[in-house]
Amino acid sequence: MTDPRFSVVGSGYPLSAKQAGLLEKTEQLGPAFAKRAARYDAEASFPHENYAELRNAGFLSLCIPEKQGGLGADFKTYSLVSATLGKYCGATALTFNMHACSTLWPGALADDLDMTPAERTEHEARRSLHFRKVVDEGAIYAQPFSEGSAAAAGKAPFGTTATRAEGGWRVNGRKIFASLSGAAHYYGVLCTEAKPQLSMRDTLYIAIPGDVAGLSIVGDWDPLGMRGTVSRTLVFKDVFVPDEAQMMPRGVYFQAASRWPHMFTTLSPTYFGIALAAVEFTVGYLRGEIPGLPPVKRRMYPTKQIALAEMWVKLEQTRALFLRMLDDARIDPPKDARLRAYASQYTIMENANDLCRLAIRTCGGQSMLKSLPLERLYRDSRCGALMLPWTAELCLDRIGREALYEAGETDD
């Protein structure tokens, strides 16, 4: 097991037996992921080997209920596992988020939502089909949101539309920054039912096979960071999918987005893991304990001690807010919990990058070399604040507005 100081929860945090076992298993997988991370970054290639090991360990079924053959992880357990993965390979953790949430949202999260008996029966049958594909076939699901518009931020209907057809739907549109492009077996696409007036309430959540006619993957992928996510553009042209491809009944996604806001915080565990990795590396470097480097100690210099102390304070502040946010997560959370979720997302995304910045400054010139992980951690960490649906800017906007206004209030 890792040093408790650098575990996601620290020491003394109460974990269930299931959570402790899953975190230990993740820590066992992690070192091999870390060794491959530089190659995936340099090549901007997808971490196929890591996914093979996740599949062999049963982790592709992490959030599928036990009665359906999965490991039965809830929101909190998933988040702790995801953050632990993030310590070792940010791209693996971030793409795993897209896959795991494709089972968490229709699974444990959807169980909390209101549905008619008919909708519940429909949902149970359809999600069982998707869960079996993961459990029995090792299928990987992606979850493309972005379109270059306000839709992914929850401010407008999705421009990608689904038109009713006999036995199913025809999907047209595109998704940008579509992680796992070319690697996923299914893309869980959020789209709007095509009507004369498009409405966010008519959002559909549909799994589109990666090899279906009319789907193409276009564009290059050469970004600043998170290069192993391979997030190219998906284009859908008259793509037909049957009714059973739906991941949630019609209109239920809108309810989920309104009533289960913490569902949009699932990107942040990856970045908290990156923050942990930066601090752990800095401690090892100053103690002369980094494999492959001369055992030169730098810990005796007051400037290094003060710098590390600043990092430690920021790390513990971030960890405390992260864990509190996980404890808050539930359907219909009170207003203070919703505000705390925004604050947690913002804090993690900004502090992760700041901790990497401090790590580079503290460790000095060698940290710029690609033979060491800090420059990759820095680049990966900078991407978090930009990620929809809760970018750093949107979090600040929502905190400011919602802290000052009650529902329905205006200045008229």
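Is Lys76 buried or exposed, and what is its relative accessible area?

## The model and the opening residue

Lys76 is buried, with a relative accessible area of 18%, where buried stands for under 20% relative accessible area, exposed for over 50% and partly exposed for what falls in between, computed with a 1.4 Å probe on protein chains only. The structure is a predicted model, in which local features need pLDDT of at least 70 and side-chain atom pairs count only at pLDDT 80 or more, while totals for chains, interfaces and linings use all residues. Residues are numbered from 1 along each chain as its sequence is written, and side-chain values use heavy atoms, with hydrogens and water left out.

## Salt bridges between helices

A salt bridge is counted when a side-chain nitrogen of Lys or Arg lies within 4 Å of a carboxyl oxygen of Asp or Glu, and by this rule the count comes to 31 salt bridges. One of them joins Lys87 and Glu27, whose side chains meet at 3.0 Å, N to O. This pair links distant parts of the chain, since Lys87 belongs to helix α3 (residues 75-88) and Glu27 to helix α1 (residues 17-43), 60 residues apart; helices here are DSSP runs of H or I with at least four residues, strands are runs of E with at least two, and both are numbered from the N terminus. Lys87 counts as buried at 8% relative accessibility, and Glu27 is buried with a relative accessible area of 8%.

Lys76 also takes part in a salt bridge, with Asp327 as its partner and 2.6 Å between the closest N and O atoms. Because Lys76 lies in helix α3 and Asp327 in helix α8, the pair ties together parts that are 251 residues apart in sequence. Asp327 counts as partly exposed, at 38% relative accessibility.

## Within helix α8

Arg324 and Asp328 both lie in helix α8, 4 residues apart, which is about one turn of the helix, and they form a salt bridge whose closest N and O atoms are 3.3 Å apart. Arg324 is partly exposed, with a relative accessible area of 41%, whereas Asp328 is buried at 5%.

Met325 is also placed in helix α8, which covers residues 302-328, and it counts as buried at 1% relative accessibility. If neighbours within four places in sequence are left aside, Met325 is in contact (heavy atoms within 4.5 Å) with Phe75, His262, Thr265, Ser268, Ala341 and Ser344.

## Aromatic rings

A pair of aromatic rings is described by the distance of the centres and the angle of the planes. Rings of Phe, Tyr and Trp (its six-membered ring) pair if their centres lie within 6.5 Å, and planes under 30 degrees apart count as stacked, over 60 as edge-to-face and the rest as tilted. By this rule the count comes to 15 aromatic pairs. Among them, Phe46 and Tyr51 have ring centres 4.9 Å apart and planes at 35 degrees, so the pair is tilted. Phe46 counts as buried at 8% relative accessibility, and Tyr51 is buried with a relative accessible area of 1%.

The rings of Phe75 and Trp260 have centres 5.6 Å apart and planes at 50 degrees, so this pair is tilted as well. Because Phe75 lies in helix α3 and Trp260 in the loop between α6 (252-259) and α7 (268-286), the pair ties together parts that are 185 residues apart in sequence. Both Phe75 and Trp260 are buried.
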